[in-house]
Amino acid sequence: MNIRNIFRFAAGLSGTAILALCASSNLQTGKADLKAAGALAFGPDNILFVGDTPAATIWALDVQDRASSKSGGSIEIKGVNEKIAALLGTAPDQILINDTAVNPVSKNIYMSVSRGRGPDATAVILRVDAAGKISEVPLDNIAHSSVKFVDPPAASTNGRQVETITAIAYIDGNVVVAGLSNEEFSSTLRSIPFPFTGAVKGAGIQIYHGSHGRFETAAPVRTFIPYEIDHQKAILAAYTCTPLVKIQVSQLTPGAKVEGTTIAELGAGNRPIDMLVYEKGGKHFILMANSSRGVMKLTAENLESYKPITAHTEVTGVPYETIAALKDVQRLKKYDDGTALLLQGTAGSMDLRTIALP
Amino acid sequence: MIRRMTQIALAALLLPLAAAAAGVSIHATDGAFQVTGWKASVEPAAGWSSVFQVYAGAGDIPAMLGSYTVEGAVLTFRPRWPLTPGMHVRAVFHLSGEAPVEAVFDTPKSAPGAATRVEHVYPSTDVLPSNTLKLYIYFSAAMRRGEAWQHIRLLDDKGVRVQLPFLEIDQELWDPANTRLTVLFDPGRIKRGLLPLRESGPNIEEGKRYTLVIGHEWLDANGAPLAAEFAKPFRVVEAERTPVDPAQWRISPPLPGTADPLIVDFPRPLDYALLQRAISVDGVKGKVEVARDETQWRFTPEAPWKQADYRLTVNTTLEDLAGNRVGRAFDVDKFQEVTAQIQTETVSLPFRIGNQ
């Protein structure tokens, strides 16, 4: 299979599709009572999806941000965590920046933040405009809908069981949610139809990893992104056990048992954080922020030809290079066709900046 | 001419503000900040925030989010959220053409509570299989999120830190109260046939001794360090690669007419958290306890047992220390029959009380 011809994010929907979805998104205006704001993803018509782990809920927020912009220009906010803390009336060590997302239409940046780091932390959604101004997205009176994807744990479990949402994405009318249980080593990937209808929680999809055709294990997805190959939509997913795999979206059906096709093994100590797929000079690449190997650039050409590793002597499938200049990248998102957005730094001081895609 | 009139009009609006600025003072009251000694009249075109701003901290930072109200002669700023204890806050009132009036405030520090400590780490046993998958750290009070991986260390028998033995998930797998953290060993160094295992070896090696150390500098939700460092020494034995098999459990039924616990003994320790909810007695309410280093499950009924046939239902999600489930090994070896899988969600174990 050749991926040269068509390769784009699922989020890049046509205007017609957007208008149709707008009318049928089942949004209600009122308070969106988020318990926590974690993983973010944009969907159709400026809908921002927010993963709320303690409430086991995915929120769809209409952030009313429809002014189109091809590029947001250049962003450089040094000490963004300190600025956010000041805005929220607290100290930098009292906030956590949980995720970032770029509105594909306006290029405004959204950030999910915890104000406080204990169990009583407040969920805050912030918007950063092209001028670098940070403002709050008020949640008291916002058009929204939500879906609770698991029932609250029974009293007998002492209420400790939680499924932590690690990544979400909107793909073809579904919100796909990757979660990690704090009790079972489960591998839950959920596909929840959007617009949400209260009763449809989206069934779990069991994800397995096959190694050398011999060993088969449950394989929780740490992070993933949607992309498209020759009209076949797929997700590129990083397992917690480090293989980078490809799964056809058509396989993500309720109750399915899916084994991803390994396209690369990333080696020990790697903690994939974020990925993006982009095109440069007529070729396609995957950029991946990684805990111990920094930012890796992998070729995305002919992924199919990089067969799963079949012998112990092979190191990886897809060739990659490490972008040495990019260190301590905490979040990596596509900003526009030629630019990436980075949240970069250590816990003490973090910067939000755009860079040209390498 | 029109431009000149606009300028005059603006000047007229600003004049009363400027004229009264000399006696201005700023007070903090009930979590709000008030400007007095000046008669607020018309809100400036750029909003009240153009004349009065409150900053949480110093340096190049934006003003705090909040709302403004004017009541009588007082301009009040209420922060969007109550200020965090121990903050240094700077309030600045600045009229055009006037020297700014500044006031600084320190919010009271929170009173120190009882020091938080590590209550227990599961598995309780000090003998762990080399493919151990999970640890649960229980704290006596809520902890602070976002810094777990700085404070959890695994040391070998020489006291040297083991590099990256855990899956360092930045979301951190806490329970809702932030009193229990689930720590996964790096599954890439457990699963057979994967590059991380070949490159770096297993997280913990058979025959060796290790110590799990939880640093006392880890801050709780109130920002206070733990009462003490916590250490859990353990030794490592052969990997456990077979499914959990309920057929090997020993069920000890109590006498009828008593509310004594039903006791189920396992040949190997099972996952503490899952034991709380993965086993039940059909139709009987009661309390679950886990004992003997997670090799024993005890169920005390609310009402006395009857002389009858009962059934224990075991959810196949129940795991042992190495993530082997009921009827399914953690990493299924398709070449070996021993890891044949059970596909059902539950397994039933009948038992009889009385008339043995």
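Colleague: Is Arg90(B) buried, partly exposed or exposed?

Modeller: In this predicted model, Arg90(B) has 18 other C-beta atoms within 10 Å. A residue is buried if 20 or more other C-beta atoms, placed from the backbone, lie within 10 Å of its own, exposed if 12 or fewer, and partly exposed in between. Therefore Arg90(B) is partly exposed.

Colleague: What are the ground rules for numbering and confidence?

Modeller: Residues are numbered from 1 along each chain as its sequence is written, while chains are lettered from A and ligands numbered from 1 in the order in which they are written. Local features need pLDDT of at least 70 and side-chain atom pairs count only at pLDDT 80 or more, but totals for chains, interfaces and linings use all residues.

Colleague: Which residues is Arg90(B) in contact with, leaving aside its neighbours within four places in sequence?

Modeller: Arg90(B) lies in strand β6 (residues 88-93) of chain B; strands (E, at least two residues) and helices (H or I, at least four) are DSSP runs, numbered from the N terminus. Two residues are in contact if their C-beta atoms, placed from the backbone, lie within 7 Å. With those neighbours set aside, the contacts of Arg90(B) are Tyr55(B), Glu102(B) and Val104(B).

Colleague: How far apart are the C-alpha atoms of Arg90(B) and Gly327(B)?

Modeller: Along the chain, Arg90(B) and Gly327(B) are 237 residues apart. The separation of their C-alpha atoms is 63 Å.

Colleague: Which element supplies the largest share of the side of chain A that touches chain B?

Modeller: Across the two chains, 50 residues of chain A are in contact with 57 residues of chain B. On chain A, α2 (80-87), β9 (134-136), β11 (163-171) and β15 (215-218) each supply at least two residues of that side. The largest share, five residues, comes from α2(A).

Colleague: Which residue stands opposite Phe215(A) in β22(B)?

Modeller: Two strands pair if DSSP finds at least two bridges between them. Three bridges join β15(A) to strand β22 (residues 331-333) of chain B, and the two run antiparallel. Opposite Phe215(A) stands Asp333(B).
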